[in-house]
Amino acid sequence: MLALLALLLPAAAPGAEELIVAADQGETVYPLWVESGTTVRFKLEGSWSMWHPQWEKVDYRGHTGFKKVDGHHLGALLGSVEGGKPFPVTDGLAYEPPRSGRLLLYPNRGNYRHLATTGSIRVTVHGGRVVSEPEAERLLGWDLNLLDTARTAGYMSEAEKDVVLFVNKARQNPALFAELYLTSKRTSSAAARECYSEMMSAEPRPVLEPSPVLFKAARDHASDMGRSGRTGHVGTDGSSLTQRVQRYGRWSRSISENCSYGFDDPLAIVLQLLIDDGVPSRGHRKNILRPESRTIGVSIQPHAGHRFNCVQDFAGEVEAN
């Protein structure tokens, strides 16, 4: 999952790891495992600023004169353990993780995309240990040998492969997915709370295998919508999902399609579609969790109106023409 990796520097001292957090980055999962019941200590060096024409510049302590964003000061350095609540990271902080997992560090930029950001913070962490991605996934409860079905699909980008992985996580162990990835989202909307509750009690579904046929159909539609700036499931040539799939193959049992706009981050794409806020039928969530599906195609493309769009095509069995 290349999209989740970040820079890990040589340790500053025995038992310490140094991490770099840039002012312009989003939530980043570092390969540093922390255990519940222990104390993790932080030392900060460096500075950053985030500035908007209406605001004063701020450093990693945040804009204390501005309203809090997501419960924390805008510009503050935040940390969390996967699936846990964020906390402000300050110099000299001694933190006791409420759960075990990988450490996340990121600046609280809220939804403000037009902040002028400069600088970075060097964070020295005492009390964690470096883990490989497979080991961390295993410790969290995931079996990548079962779930990461698209990793060797040479026709897909790494981000598209990660979308398949997150979809398979949601299907194979809905409760663990909800605990790790939806816990912090529950307060964001009624749809998020509903999604969390539904997945905590949902039955497992079979994992999905990547399909070149569905990938080509998804790529056609994502590229078409991206160039035209349009949204929806009807192509500019009037094509439907089934017609796009039939260009390349045949399907049976079931077929469905999700379209996401505005994100190129794999987890953000899957969470947007699972939460499905603003869609009363929760059709996107139903498509991801549909028990009859066995195959998937994913394409992420630029979009003229929303920066990015991702198309997910699902089916039962698929054969190439």
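The paragraphs below walk through some aromatic rings of this predicted model and then turn to the surroundings of one alanine.

A pair of aromatic rings is described by the distance of the centres and the angle of the planes. The structure holds 5 aromatic pairs, and one of them joins Phe87 and Tyr95, whose rings are stacked, with 3.7 Å from centre to centre and 15 degrees between the planes. Phe87 is buried, since its relative accessible area is 8%, and Tyr95, at 16% relative accessibility, counts as buried because the limit for that word is under 20%. Together with Phe42, Phe87 and Tyr95 form one aromatic cluster.

Another pair is made by Tyr155 and Phe215, and here the arrangement is tilted, with the centres 5.0 Å apart and 50 degrees between the planes. This pair links distant parts of the chain, 60 residues apart, as Tyr155 lies in the loop between helix H2 (144-147) and helix H3 (158-172), while Phe215 belongs to helix H6 (residues 212-228). Tyr155 counts as partly exposed at 32% relative accessibility, whereas Phe215, at 7%, counts as buried.

Leaving aside residues up to four places away in sequence, Ala192 touches Lys185, Arg186 and Ile275. The C-alpha atoms of Ala192 and Leu271 are separated by 9.1 Å, although these two residues stand 79 residues apart along the chain. Arg186, one of the residues that Ala192 touches, also meets an aromatic ring, for the charged end of Arg186 sits over the ring of Tyr196, 4.3 Å from the centre of that ring.

Terms used. Residues are numbered from 1 along each chain as its sequence is written. This is a predicted model: local features need pLDDT of at least 70, side-chain atom pairs count only at pLDDT 80 or more; totals for chains, interfaces and linings use all residues. Side-chain values use heavy atoms; hydrogens and water are left out. Contact means heavy atoms within 4.5 Å. Rings of Phe, Tyr and Trp (its six-membered ring) pair if their centres lie within 6.5 Å; planes under 30 degrees apart count as stacked, over 60 as edge-to-face and the rest as tilted. Buried means under 20% relative accessible area, exposed over 50%, partly exposed in between (1.4 Å probe, protein chains only). Helices (H or I, at least four residues) and strands (E, at least two) are DSSP runs, numbered from the N terminus. A charge sits over a ring if NZ of Lys or CZ of Arg is within 6 Å of the ring centre and within 35 degrees of the ring normal.
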